[in-house]
Amino acid sequence: MARSRAFGGLLAMLLATAAAKAVVPRFKWGQTKELIFLSVMVRDLDESSVSVSLVTEGDLKFAAKNAKGEEHVLNLPLREDVKPEAMKWELSARTDKWGKAVVITLAKKNQHRWDLLAADPKPFKGLMDKDWSREDQSLEPEEESPYVEDNPELVALTEKNLDKTLSKYSAVVVNVRYPWCSQCKSQDDTFAKAAKGAKVKSKKDKSWKKIAFAVVDAREQRKLGRQLGAKCEFTCDYRVYTEKGEDPVTIKSKWSDTELLNDVFKYLRPAVEVVKTPDDVAPLKAKNTTCYGGFASDSDSKYLLFKKVAGLMRGELVFAASFGEERQVEMWPSKQNFSFKYDGAWTDNGTIFFDWVKPRAIPLLQPYDWELRDTYEKLGLPLAKVWIDDSDKNPSFEKVVRHAVRRVAKKYLGKLAFVEQKKSTYSYELRDYGLNHPEAYPAFGIANNASYNSIKYGFEVTPDIAPSVQEFWKNADMVVDKLTVFCDGVLAGTWPVAHETGPAQTNWTTGTVKHVVWKTYKEVTSPEKPLLMQVYGKYRSEHEKKEKEVENLAKVLEPYSESLTVATYDSSDNYVPPEDIQRDKYSSDTEWFWVPKVEGGERPAIKKLMKPKKDAPINTVIEFAKKQSGLDIDVSATMQKFEEQMKENPPPTTTPPPPLPSMGDSGLDMGAGGDMMDSLGGMQEKMEL
């Protein structure tokens with residue numbers, strides 16, 4: 001009897017455990033390119049019990065109870081990652097045949113068509129359906145080529161074989177990709193070609209056997225893909241592992257396999273050249289920019305930071321170290337007779353030392369070309385530029401210029417980078433620095449970074465500085481002094497930003513048009529007299545006629561010259577400050593503005609002629625001037641004078657083409673032409689016979 005009772009108790013416990021086991025609910029899903037719609041159904045749902053969360057970017061958990069208190073739990077490993085911050089859910093207004101539906105909306109991390117919802121659909125067989133009402137059926141299945149299978153030289157890298165692979169090779173170059181992503185197709189092809197090229201090279205040079213080209217399938221190897229920054233974007237890059245346990249270095253993809261092989265070859269050498277004595281560094285210094293330090297041992301915390309920075313800067317300079325006796329870290333620039341000594345801290349993660357090395361790893365001044373753009377972008381410093389006229393060879397003068405610029409560059413190590421640019425290649429840049437009217441060489445300017453859209457500052461040699469640009473640059477001490485003031489002003493944010501500008505007018509007289517340019521824009525911000533200003537683009541229609549109109553308008557308004565000045569501003573040659581004039585960058589419209597005189601220290605707002613907003617007739621412009629100035633201008637009389645002036649000083653006319661010669665002059669006889677047609681008609685009649 002006792003045994004029967006015990007068995008009954010055990011059975012009751014098992015039944016209770018089985019009853020308490022959570023039920024996996026039924027669910028269905030649909031998608032658009034951007035979103036996943038997941039509906040989870042529970043019969044007699046207790047709405048207050050619903051819980052939806054993302055355990056990771058690729059793992060969703062749903063939990064709820066029904067009216068009986070029974071647990072319904074769905075742990076769903078997603079096929080791909082989603083954006084946790086964008087997840088939301090709501091109760092469906094419509095009841096599904098499987099119960100009350102909770103609709104979960106997930107934003108895809110990579111916007112494309114998913115081939116599956118679950119990473120492994122098998123455990124959910126019979127529970128998962130397609131929601132065709134929420135499916136964008138216009139999405140086409142994406143082609144997934146067997147990339148690794150088609151390229152046997154590539155290594156498939158996984159979490160399981162990562163350590164083993166890193167132990168086998170000196171360097172492992174990793175392409176992290178999604179099998180459906182075509183953004184980097186050409187770079188994927190280049191990567192595969194480079195792997196084949198490395199194999200060919202290894203037959204003659206065994207060092208190439210120490211490098212592997214590996215691929216991570218970011219969809220299948222989700223954790224490793226996240227760790228390596230998997231993405232599907234047109235900006236493609238690779239990761240390079242050199243030692244087990246160390247973080248990989250990121251390198252940019254290349255357009256040719258030769259470029260990529262040249263780039264990765266540097267990873268076959270150790271990050272740090274170990275030497276026995278300081279004297280052994282001499283051969284390295286003779287050929288390379290070299291950074292050397294002495295450390296207690298290879299486990300010294302200072303050396304570990306030194307080695308970390310050396311790994312990040314492979315190929316840019318040589319790092320060397322000796323062990324046993326500590327020696328101050330020192331850097332020798334290539335082909336220079338001086339060195340830099342590091343006296344910074346070693347207590348952080350290496351950032352301080354890295355930031356010290358970077359600007360010293362490049363020459364104080366070197367010729368610039370587009371291949372160096374990436375170097376200077378990574379440097380992250382403002383870029384000082386000296387433009388030299390390479391069409392006018394003067395070696396001794398150029399030597400003086402370079403010497404002066406290097407003196408300035410030394411003063412701003414770590415604050416500014418300096419490059420030399422040829423007139424024949426980069427003269428077009430002077431427009432953005434406000435130095436193209438006139439072009440005078442050498443020219444000097446600073447961009448706040450190495451990108452095309454950088455903020456720019458121009459240094460103009462004005463007559464109060466030197467009689468000419470050439471005279472200025474011949475005086476090295478003056479160059480250093482003036483450029484130091486300029487560089488300090490740029491770094492402090494006190495030097496005015498440069499913009500494109502036309503040439504400054506030098507011959508203005510009363511009764512003529514004042515041609516304002518960006519260089520002389522102070523005449524707008526602080527005019528001595530109010531301006532009646534026309535803003536236009538020189539590529540407008542009937543430009544010459546409109547130029548003559550404003551010229552003649554200035555003439556007829558000369559009696560009022562004590563109270564106003566007629567001015568123009570060409571927006572196609574000059575920067576237009578948006579805080580003063582709202583105008584499309586490439587507009588050629590003709591617009592009129594009234595620029596009041598500054599009185600009492602506060603600058604009044606510029607007023608625009610609004611009816612019409614553009615291409616206003618001259619009589620309307622005169623009425624506008626009368627209203628804004630308060631002058632007693634007789635509009636009719638002024639307009640009559642203007643029309644007379646237009647007759648006296650008309651716009652140039654286009655020379656008409658010469659008249660076509662008459663048929664008689666050409667020697668052709670229409671009668672003969674008629675006879676010819678008759679003859680053709682006769683020929684036709686004969687053919688019809």
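**View 1. Residues of helix H4 meet residues of helix H6 in this predicted model.** Thr190, Phe191, Lys193, Ala194, Gly197, Ala198 and Lys201 in H4 are in contact with Asp257, Leu260 and Leu261 in H6, where contact means heavy atoms within 4.5 Å. Helices (H or I, at least four residues) and strands (E, at least two) are DSSP runs, numbered from the N terminus. Two packed helices are described by the angle between their axes and the distance between the axes. H4 (residues 185–202) and H6 (residues 257–265) pack at about 65°, and their axes are 8 Å apart. Axes are lines fitted to C-alpha atoms, for helices over the stretch in contact, with angles from 0 to 180 degrees between N-to-C directions. H4 and H6 cross in a right-handed way; a crossing is right-handed if the near helix is turned clockwise from the far one by less than a right angle, and left-handed if anticlockwise.

Residues are numbered from 1 along each chain as its sequence is written. Because the model is predicted, local features need pLDDT of at least 70 and side-chain atom pairs count only at pLDDT 80 or more, while totals for chains, interfaces and linings use all residues; side-chain values use heavy atoms, without hydrogens and water.

**View 2. An open sheet has 5 strands.** The strand order is E19-E21-E20-E22-E23, and the pairing is mixed. E19 and E23 (456–459) are the edge strands, each pairing on one side only. Two strands pair if DSSP finds at least two bridges between them.

**View 3. Strand E21 pairs with E19 and with E20.** E19 (residues 366–367) runs parallel to E21 and is joined to it by 2 bridges; glutamine 366 is opposite valine 419 in E21. E20 (residues 383–388) also runs parallel to E21, with 6 bridges between them, and tryptophan 387 has glutamine 421 in E21 as its bridge partner. Why is E21 largely enclosed by the rest of the structure? Of the 6 residues in E21 (residues 417–422), 5 are buried, so the strand is largely enclosed. Buried means under 20% relative accessible area, exposed over 50%, and partly exposed in between (1.4 Å probe, protein chains only).

View 4. H11 lies across both E20 and E21, at about 170° to E20.

View 5. Proline 442 is in the loop between helix H12 (423–426) and strand E22 (443–447). Proline 612 is in the loop between strand E28 (607–608) and helix H17 (618–629).

**View 6. Aspartate 44 and glutamate 542 have positive phi values.** Phi of aspartate 44 is near 55°. Aspartate 44 sits in the loop between strand E2 (35–42) and strand E3 (45–56), and is exposed at a relative accessible area of 54%. Phi of glutamate 542 is near 55°. Glutamate 542 is in the loop between strand E25 (531–536) and helix H16 (543–556) and is exposed, at 52% relative accessibility.
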